[in-house]
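Please read these notes with the sequence and the model open beside them. They go point by point.

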Amino acid sequence: MPANPVTIARDLIRCRSVTPAEGGALALLEATLADAGFTVERVTFSEPGLADVQNLYARIGSSPPHFAFAGHTDVVPPGDEAKWTYPPFGADIADGVLYGRGAVDMKGAVACAVAAALDYLADKASAQKGSISFLITGDEEGVAVNGTVKLLQWAAVRGERFDHCILGEPTNPAALGEMVKIGRRGSLNGTLVVTD
Ligand SMILES: [Zn+2]
């Protein structure tokens, strides 16, 4: 049976992972990915004066090419929960729409990545080539000093090399491909030449 990204997304949304709290979200991913055969490591980073933040690195396979999914499970605070039409951590579905803090940014995308990986491994386990990784931080929505940058440095020290990466941040409000971003709160200038 294929993995259900909606179920995974709802389970993630129900975790109160308001940055920098882990809120059970990384534990959920750890259990799910470990079940599928991933080697999962939880890594906590610290910085003086700031809360410690948990991160997760999971990998299956040991050979290249090495494909990574990256993302975050922390969310911004919900504000006054009484003002929400549906509870921010309830993961309600109404008229085919999933409601909850982080449904878009970006537990929905993390859930899709996990489901895709599980389906791939279930379908092609016998012919699996290369490696799949998850680089998931709990420190994106806050000051973000104990997150992806440190996780990448940590991975580099261990000799991890990534050939490809997909990060499902919701950056395109209206249509897929309308916006390209590099890094976090950064910018990219480029020249696009179209020839016929
Ligand atoms: Zn995000």
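Are Tyr57 and Trp154 buried or exposed? Both Tyr57 and Trp154 are buried, where buried means under 20% relative accessible area, exposed over 50%, and partly exposed in between (1.4 Å probe, protein chains only).

1. Basis. This is a predicted model, in which local features need pLDDT of at least 70, side-chain atom pairs count only at pLDDT 80 or more, and totals for chains, interfaces and linings use all residues. Residues are numbered from 1 along each chain as its sequence is written, and side-chain values use heavy atoms, with hydrogens and water left out.

2. Zinc site. The zinc ion is held by His72 (NE2), Asp105 (OD), Glu169 (OE) and Glu169 (OE), at 1.8 to 2.6 Å. Donors here are N, O and S atoms within 2.8 Å of the metal (3.2 Å for Na, K and Ca); water is not among the atoms, so sites may look incomplete. Angles among the four donor atoms run from 56 to 140°, and the site is irregular. Four donors count as tetrahedral if all angles lie between 85 and 135 degrees; four count as square planar and six as octahedral if opposite donors are over 155 degrees apart and all others between 65 and 115; anything else is irregular.

3. Zinc donors in the chain. The spacing of the donors is H-x32-D-x63-E. Asp105 in helix H3 (residues 103–124) and Glu169 in the segment after strand E7 (164–167) are 64 residues apart, a link between distant parts of the chain. Helices (H or I, at least four residues) and strands (E, at least two) are DSSP runs, numbered from the N terminus. Asp105 is partly exposed, at a relative accessible area of 27%; Glu169 is also partly exposed, at 24%.

4. The peptide bond from Asp105 to Met106 is cis, with omega near -15°, and Met106 is found in helix H3. Another cis bond joins Thr19 and Pro20, with omega about 5°. Pro20 sits in the loop between helix H1 (5–13) and H2. Most peptide bonds are trans.

5. Aromatic pairs. There are six aromatic pairs, counted for rings of Phe, Tyr and Trp (its six-membered ring) with centres within 6.5 Å; planes under 30 degrees apart count as stacked, over 60 as edge-to-face and the rest as tilted. Phe38 and Phe134 are edge-to-face, because their planes stand at 70°, with ring centres 5.6 Å apart. Phe38 is in the loop between helix H2 (25–35) and strand E1 (39–45) and Phe134 is in strand E6 (residues 131–137), so the pair ties together parts 96 residues apart in sequence. Both Phe38 and Phe134 are buried. Tyr57 and Trp154 also pair edge-to-face, at 5.7 Å centre to centre and 70° between the planes. Ring pairs also link Phe38, Phe67, Phe69 and Phe134 into a cluster.

6. Sheet. Five strands form an open sheet of mixed pairing, in the order E1-E2-E6-E3-E7; two strands pair if DSSP finds at least two bridges between them. E1 and E7 are at the edges with a single partner strand each, so one side of each has no neighbour in the sheet. Strand E3 (residues 66–72) pairs with E7 in the parallel sense over four bridges, and Ala68 has Cys165 in E7 as its bridge partner.

7. Positive phi. Ala91 has phi near 55° and is buried, with a relative accessible area of 0%. Ala144 has phi near 60° and is partly exposed, at 22%.
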